[in-house]
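This report describes how parts of one chain are arranged. Please examine the sequence and the structure shown below before reading on.

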Amino acid sequence: MSSTDVASMSYARKASKTAPPTKERDGFESISRESIVWTTEVDEFQDITYEISVENKCARIAFNRPEVLHAFRPRTIREIQHALELASEDPRIWVIMLASNNDPSKFTPAFCSGGDQNVRSNGGGYQDGTERQPKLRVLDLQMQMRRCPKPIVAIVDGYAIGGGHILHMVADITLASDISVFGQTGPRMGSFDAGYGSTHMARLIGQKRAREVWFLCKFYDAKQAYEMGLINAYFPKEELEGRAAQWVRRIAMNSPTAIACCKAALNADEDGGAGIMQMGGEMTRMFYMSRESQEGRDAFLEKRAPKFRSNL
Ligand SMILES: CC(C)(COP(=O)(O)OP(=O)(O)OC[C@H]1O[C@@H](n2cnc3c(N)ncnc32)[C@H](O)[C@@H]1OP(=O)(O)O)[C@@H](O)C(=O)NCCC(=O)NCCSC(=O)c1cc(O)c2ccccc2c1O
């Protein structure tokens, strides 16, 4: 019997009608924390790795530039965009991890240190020879992460700074190790993110705190980040991998459609017309699966008047 089955059993209804209420009845603690065994899905990436676990219904996209603390250049972002598209369109994948590959014996651990300053151009963005024009491609990635119907879990182990800090905030869930450090540096090095980097941060931690983070450019440890509401949880470094596996397994046990709709609704509250479009898209997708919707298409193709049956 797999650990997921054990968790499902404790989650299932039981016969007793007199048991006192306990929070353990959610079954969460019985979900396995064993490391996920990953299979490399695409190996032509240079700046990232992309792995999947079909058994656990999840994908792992990881920054792989430890020598610059996983700073991203346009190539890095383009590769993440491609991997995210693969994961989004793969029916075997229900949850997506955004992480980093660290070897603390060689380089300081980091999730991501933001835009690679070596390729920051004077032309209004970043240019590593792969862009037609210098651009802030990471903003497109942020939109793609928001619009992805599958939950994205950021796994932060080390520095999450600048644009790297924004990427974990844009992810749906953030789990961190206790050695992690969070912060913005833009105003110290001539940059800022006036999009989600400012507005979503204020939604997460409040206006006063967001102004502090941007105006002072202080760094915060994992405990402070948790207390501020920047992250969901933090764990001793050696436990992070197992705890992340537990969270991801649990999300993948739940209804993917319900989760997609919750994500769309939470985005809609913040994203105005674009958020409503995302939620509307989910509604239309499900409506297309109904007999009522299909009757409209069939009637058109058969050149007859539709005979709708209302479900209302
Ligand atoms: C994170 C640090 C505080 C760590 O300091 P530490 O002393 O431990 O390590 P080093 O500084 O020696 O770093 C090791 C090694 O990595 C290189 N490196 C680190 N970060 C970067 C980077 N961002 N770009 C390029 N290279 C980097 C460093 O040079 C070292 O290499 P060596 O060859 O010298 O060994 C510290 O590293 C630090 O402060 N890093 C800079 C972090 C930063 O300022 N990031 C923000 C960049 S701006 C940005 O990210 C950004 C994002 C967006 O989403 C935007 C969106 C819209 C508009 C603008 C955006 C934007 O500007």
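## Domains

The centres of domain 1 and domain 2, taken over C-alpha atoms, are separated by 28 Å. Domain 1 covers 34-253 and domain 2 covers 257-301, with bounds that come from an automatic or database domain assignment. Residues are numbered from 1 along each chain as its sequence is written. The model is predicted: local features need pLDDT of at least 70 and side-chain atom pairs count only at pLDDT 80 or more, while totals for chains, interfaces and linings use all residues.

## Contact between the domains

Domain 1 gives 8 residues to the contact and domain 2 gives 8 residues, where contact requires C-beta atoms, placed from the backbone, to lie within 7 Å. On the side of domain 1 that touches domain 2, α3 and α5 (196-205) each supply at least two residues. Helices are DSSP runs of H or I with at least four residues, numbered from the N terminus. By class, this side of domain 1 has 3 nonpolar, 1 polar and 4 charged residues. Ala, Val, Leu, Ile, Met, Phe, Trp, Tyr, Cys and Pro count as nonpolar, Asp, Glu, Lys and Arg as charged, and the others, Gly among them, as polar.

## Packing of α3 and α4

Helix α3 (residues 137-147) packs with helix α4 (residues 163-170) at an angle of about 15°, and their axes are 10 Å apart. Axes are lines fitted to C-alpha atoms, for helices over the stretch in contact, and angles between N-to-C directions run from 0 to 180 degrees. The two helices are therefore roughly parallel, a term for angles under 35 degrees.

From α3, Val138, Gln142, Met145 and Arg146 meet Gly163, Ile166 and Val170 of α4. This contact of α3 with α4 comprises 4 nonpolar, 2 polar and 1 charged residues.

Key
Parallel < 35°, antiparallel > 145°, perpendicular 65-115°, else oblique. Contact = placed C-beta atoms within 7 Å.
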